Amino acid sequence: MDHKILYTQSNILYGSSADNIQEYLTRVLEKISPRYTHVFGEEKPIGIDEAREIHRRAFLNPSGKQVFVLKKSDRMTPEAAQSMLKILEEPPAASIFFLIAQSLVLLPTIISRSSVLYIRGEGEDEESEEVYSFFAETTKKLKEDLDSYIQKHGVASRDLVRRL
């Protein structure tokens, strides 16, 4: 796997190879060297109780960086997804989130608030990665345009979504 180590405060790592995603995540964690790493969703998809616990821990103001790894994030409950969206809209400065998924079946607003990286599986060609990169960059551009519109017109994002 020849990916550069890239991350922001909110990240989605997805693809068909759980091993490749885990390898990439391990490399990122080595680079970040967080004081705390919290992993959710290993046993079962994340529900509202886990989302509340993530929220609680994210806003504890720890000394040092903390990383939240949300496995099976494409299978979290709708209530948990809504709760996570609130955290990802304005994440605490010391918190970094990695949502791990097999596909991008997530709330579009979560995708727009995150850096999206497709991790290729064995035997996948670069062309499939380029297609996914195109969609990730398009999503990022849409987010930037939406943020610009909101800032220019002073509209709350939830009001804008209602208008759409």
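Contact here means heavy atoms within 4.5 Å.

## What you are looking at

With that in mind, in the protein, residues 24 or more positions apart account for 78% of the contacts with a separation of 6 or more. This is a predicted model, in which local features need pLDDT of at least 70 and side-chain atom pairs count only at pLDDT 80 or more, while totals for chains, interfaces and linings use all residues. Residues are numbered from 1 along each chain as its sequence is written, and side-chain values use heavy atoms, leaving out hydrogens and water.

## Overall layout

The protein has 6 helices and 5 strands (DSSP runs, with H or I of at least four residues for helices and E of at least two for strands, numbered from the N terminus). Starting at the N terminus, the order of elements is β-α-β-α-β-α-β-α-β-α-α.

Of the 164 residues, 40% are buried (buried is under 20% relative accessible area, exposed is over 50%, and partly exposed lies in between, with a 1.4 Å probe and protein chains only). The accessible surface comes to about 9,900 Å², and carbon and sulfur atoms hold 51% of that (Shrake-Rupley method with a 1.4 Å probe; for residues, only the protein chains shown count as cover).

## Strands E2 and E3

Strands E2 and E3 run parallel and are joined by 5 bridges (two strands pair if DSSP finds at least two bridges between them). Within this pairing, Phe 40 stands opposite Leu 70 in E3.

## Gly 15

Gly 15 is buried, because its relative accessible area is 2%.

What does Gly 15 touch, leaving aside residues up to four places away in sequence? The list is Ile 21, Ala 101, Gln 102, Tyr 118 and Ile 119. Ile 119 is 104 residues from Gly 15 along the chain, yet their C-alpha atoms are separated by 5.1 Å.

## Two residues with positive phi

Most residues other than glycine have a negative phi. Ser 33, which is not a glycine, has a positive phi of about 50°. Ser 33 is in the loop between H1 and strand E2 (36-40), and it counts as exposed because its relative accessibility is 54%.

Lys 72 also has a positive phi, near 50°. Its place is the loop between strand E3 (66-70) and helix H3 (78-89). With a relative accessible area of 26%, Lys 72 is partly exposed.
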